[in-house]
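Biologist: I am new to this structure and would be grateful for a guided reading of its features.

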Amino acid sequence: MSDNRQTIRISVRNLVEYVLRTGDIDNRRKGSRKDEEAMLMGSRMHRKIQSAYPKGYASEVALKLCIKEKDYDFVLEGRADGIFVEDGITYIDEIKGVFRDLDNIEEPDPVHLAQAMCYAYMISQNEKLKNVGVTMTYANLETNDLKYFRSEYTDKELNKWFKKLYKEYKKWIELSNKAKKELSDTGRELDFPFEYREGQSDLVKDVYRSILRRKNLFIEAPTGVGKTISTIFPSVKALSFNLGEKIFYLTSKTVIRKAASDAFDTLIDRGLSIRIVTLTAKEKVCFMERMECNPIECPYAKGYYDRVNDAVYEMLKTCGNYDREKIIAFAKERNLCPFEFSLDLSLWCDAIICDYNYVFDPNVYLRRFFEDRIDSDYIFLVDEAHNMVDRGRKMYSASIVKEDVLTYKRYMVSEDFPVMVKALDSLNNVLLRLKRECDDVKIQESISAVHIAVMRAVSAMDIVYKIKPSFKPAKDFDEFMLNLRHFNNMAEIADDDYIAYTEHDEKGNFVYNLFCVETARVLQQREYLARSSVFFSATMLPINYYKHMLTEKKAPYAIYAKSSFDDDKKRILIGKDVSSKYTRRNKEEYRRFATYIEEAFNAKRGNYLVFFPSYKMLNDIYGEIEDSDVLDRIVIQGNDMNEEEREEFISNFTDNSENIGFCVMGGVFSEGIDLTGDRLIGVIIVGTGLPQVSHEREILKIYYDNKDINGFDYSYLYPGMNKVCQAAGRLIRTSMDCGVILLLDVRFTEKQYLELFPNEWTNRDIVTVQNVAEKVKDFWDNCK
């Protein structure tokens with residue numbers, strides 16, 4: 001085990017920005033836009049400048065400095081843009097891409113210079129240098145013009161300057177060290193808060209062992225395992241023994257974020273000293289009617305950086321769980337933006353509960369944790385990890401609609417920006433040529449022509465802002481440009497695991513798609529900063545598929561956690577005389593499905609959820625329900641239901657009601673809802689959940705077939721069965737629940753489907769429409 005000496009780590013960027021930042025939050029697009037925005041196109045400029053230097057120029061040099069205090073180590077780290085030697089002097093080169101006119105930059109920005117001076121201090125200490133030079137290179141991203149500022153410092157000057165910076169930051173270091181020590185002391189003494197269920201102790205040990213050995217772990221964790229506390233508890237233990245730096249609990253569902261927060265509260269109630277923050281989307285916590293993050297439109301943005309550090313320090317004086325309600329109340333009291341405040345607070349928290357986006361999305365990931373880090377010991381707990389395949393593809397894929405390009409070209413004509421009109425006209429012409437070559441769908445062997453045209457459009461837009469800094473585009477045009485920038489960024493990282501294809505979509509539009517097929521490589525950009533990533537879900541079968549899609553880390557562990565629930569309390573019934581195959585979709589088949597629903601409900605009255613592969617099939621089968629009493633009890637999931645409408649739908653299922661919910665597989669009611677006891681006694685699943693045939697699915701199939709992997713399994717079978725298992729998982733949420741799962745498709749009797757059944761689906765039988773009522777009655781007569 002590690003000793004109790006703490007390590008406090010921070011990047012150079014975070015250090016200087018935290019100490020030196022002042023003023024307002026201001027995201028208005030001007031000629032002087034923030035450097036964070038310049039980063040969207042600045043990486044290419046960095047590489048261009050770096051490659052122009054003669055031999056001996058080292059680029060992207062990792063630097064680390066450890067300052068040993070009495071009872072903790074302070075580690076400062078980052079990457080210098082460049083290091084070179086000239087006339088015997090070692091120089092740090094700090095490159096900043098900007099949009100403003102270089103003639104208006106008379107001296108380096110204090111924060112930029114401080115960053116370079118930190119690197120200068122670090123290399124002077126590490127290599128015992130008496131003098132170090134600093135070159136501040138400003139690059140105009142529109143014109144490619146460069147401007148340099150040079151200075152030299154003795155080691156004594158750098159030492160004096162850094163000591164002052166370090167002194168200002170030291171109160172934060174000591175606060176962090178005190179909190180980490182309290183977490184260590186209380187965490188080591190902490191016992192598991194409940195009596196272990198069957199197999200739960202092994203699960204806790206497996207998670208801890210994976211963290212200890214720096215391994216990734218995949219867990220198939222059925223309902224009843226207690227996966228939330230079983231992953232959080234050993235992760236907290238790992239932190240207490242210095243086997244991790246920070247926990248990120250990742251999930252896309254609000255209800256699961258609440259469950260994770262409650263699990264941490266349970267540990268706090270038993271004596272754990274820890275700080276946890278839940279990050280909530282900006283639009284859900286913003287105090288303003290419109291999200292205009294600038295000092296003119298928003299009083300919470302004005303002077304934000306002048307007030308925030310004191311507010312964070314005040315809130316951190318007590319350990320605890322900083323949830324949405326606490327953050328909103330404190331931010332309101334201190335006149336601060338609640339979203340930005342939660343982000344600033346997160347720097348000092350031991351655990352962060354948030355959406356996958358904040359770690360993995362290339363556009364919105366938390367740069368304060370994942371940029372400029374050489375290495376780290378983060379622990380990623382990825383809940384509902386089966387969602388990460390599609391989420392990863394969505395994050396790292398991009399598309400351009402030709403009709404949108406033409407629309408916004410005309411918009412630029414009306415706004416009188418010929419440079420942008422020319423760029424969009426060029427992009428439109430490239431897409432027009434491809435459109436003429438595409439009858440339905442076509443794989444594109446090269447992305448270079450489109451990529452170059454997109455780069456020119458992005459650069460042209462930056463010139464627009466230079467010409468007219470006050471230009472405020474329409475919101476939809478702003479989103480169009482963000483999409484082009486995203487396409488540009490994805491094109492830069494695209495490799496053999498991407499496929500470019502063109503298609504005519506269902507609206508008649510011509511679309512150029514850059515499709516991320518394999519997600520493991522792109523997700524690895526964040527995973528490499530984790531000591532261990534634990535992926536878990538109630539539906540992770542086959543587990544080798546998810547290992548393939550979600551990690552490149554060698555030899556990840558995988559376990560199947562045994563459910564503690566009694567298998568005899570549920571019955572799996574497979575209807576062998578129906579199928580949702582396209583060849584069998586007719587009125588007679590729909591009537592047979594309807595009869596199954598009527599027979600099951602009348603055999604045991606209560607609350608049921610019926611899941612369909614599509615809204616069309618839902619409506620077709622609904623039209624075949626003949627039993628008027630059954631018909632009157634059906635409530636139907638609507639399209640794009642808001643939160644209030646979802647709650648109204650769920651309210652139909654009470655302990656005393658007898659209703660039937662018609663839902664769509666893969667929709668909002670397939671995951672994350674708990675209807676316990678008599679609120680749900682049966683789930684009926686119509687069809688195998690296979691995704692509809694589409695260009696994208698067929699491209700996936702061909703891609704994997706060409707790699708000697710079963711393309712049908714990867715593109716259709718595994719995603720379909722995942723939806724089936726998720727829907728079936730709405731039943732049996734506690735050890736007291738009983739119920740029937742009715743799988744209506746003959747294909748469920750086939751080997752390839754049976755192999756994907758969860759291990760706990762042992763109590764099953766095959767039925768027909770003639771005897772399903774008898775089988776349902778038999779189960780309930782014998783259910784204890």
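Predicted model: local features only at pLDDT ≥ 70, side-chain atom pairs only at ≥ 80, totals over all residues.

The dialogue below takes up confidence, helix packing, sheets and individual residues in turn.

Biologist: What pLDDT does the protein chain average?

Modeller: pLDDT is the predictor's confidence in each residue, from 0 to 100. The protein chain averages 90, and 95% of the residues score at least 70. Over residues 29–38, however, pLDDT stays under 50. For that stretch the model has 27 contacts beyond four places in sequence, a contact being heavy atoms within 4.5 Å.

Biologist: At what angle do the axes of α3 and α4 cross?

Modeller: Helices (H or I, at least four residues) and strands (E, at least two) are DSSP runs, numbered from the N terminus. Axes are lines fitted to C-alpha atoms, for helices over the stretch in contact, and angles run from 0 to 180 degrees between N-to-C directions. The axes of α3 (residues 110–127) and α4 (residues 155–189) cross at roughly 120° and come within 10 Å. The two helices are therefore oblique to each other; angles under 35 degrees count as roughly parallel, over 145 as roughly antiparallel, 65 to 115 as roughly perpendicular and the rest as oblique.

Biologist: Which residues of α3 and α4 make the contact?

Modeller: On α3 they are Ala 114, Met 117, Cys 118, Ala 120, Tyr 121, Ser 124 and Gln 125, and on α4 they are Leu 158, Asn 159, Trp 161, Phe 162 and Leu 165. By class, this contact of α3 with α4 has 9 nonpolar, 3 polar and no charged residues. Ala, Val, Leu, Ile, Met, Phe, Trp, Tyr, Cys and Pro count as nonpolar, Asp, Glu, Lys and Arg as charged, and the others, Gly among them, as polar.

Biologist: How is α15 placed against α16 and α18?

Modeller: The axes of α15 (residues 402–414) and α16 (residues 418–436) come within 9 Å and cross at roughly 155°, which makes α15 roughly antiparallel to α16. Their contact comprises 11 nonpolar, 1 polar and 5 charged residues. Against α18 (residues 475–493), α15 packs at an angle of about 125°, with the axes 11 Å apart; α15 is therefore oblique to α18. Here Asp 404, Val 405, Tyr 408, Tyr 411 and Met 412 of α15 meet Asp 476, Phe 477 and Phe 480 of α18. The contact of α15 with α18 divides into 6 nonpolar, no polar and 2 charged residues.

Biologist: What is the order of the strands in the open sheet of 8 strands?

Modeller: Two strands pair if DSSP finds at least two bridges between them. The order is β10-β9-β11-β8-β12-β17-β7-β18, with parallel pairing. β10 (320–322) and β18 (557–560) are the edge strands, each pairing on one side only. From one strand to the next, the twist averages 15°. Strand β9 (residues 275–278) runs parallel to β10 and is joined to β10 by 3 bridges; Val 277 has Tyr 322 of β10 as its bridge partner.

Biologist: In what order do the 7 strands of the other open sheet stand?

Modeller: The order is β21-β22-β20-β23-β24-β19-β25, and the pairing is parallel. β21 (634–636) and β25 (764–767) each have a single partner strand, so one side of each is left without a neighbour in the sheet. On average, neighbouring strands are turned by 20° against each other, direction ignored. Strands β20 (residues 608–612) and β22 (residues 660–664) run parallel and are joined by 5 bridges, with Phe 612 opposite Val 664 in β22. Helix α26 (residues 711–728) lies across β20, β23 (682–686) and β24 (739–744), at about 160° to β23.

Terms used
Residues numbered from 1 in each chain as written. Heavy atoms only, no water.
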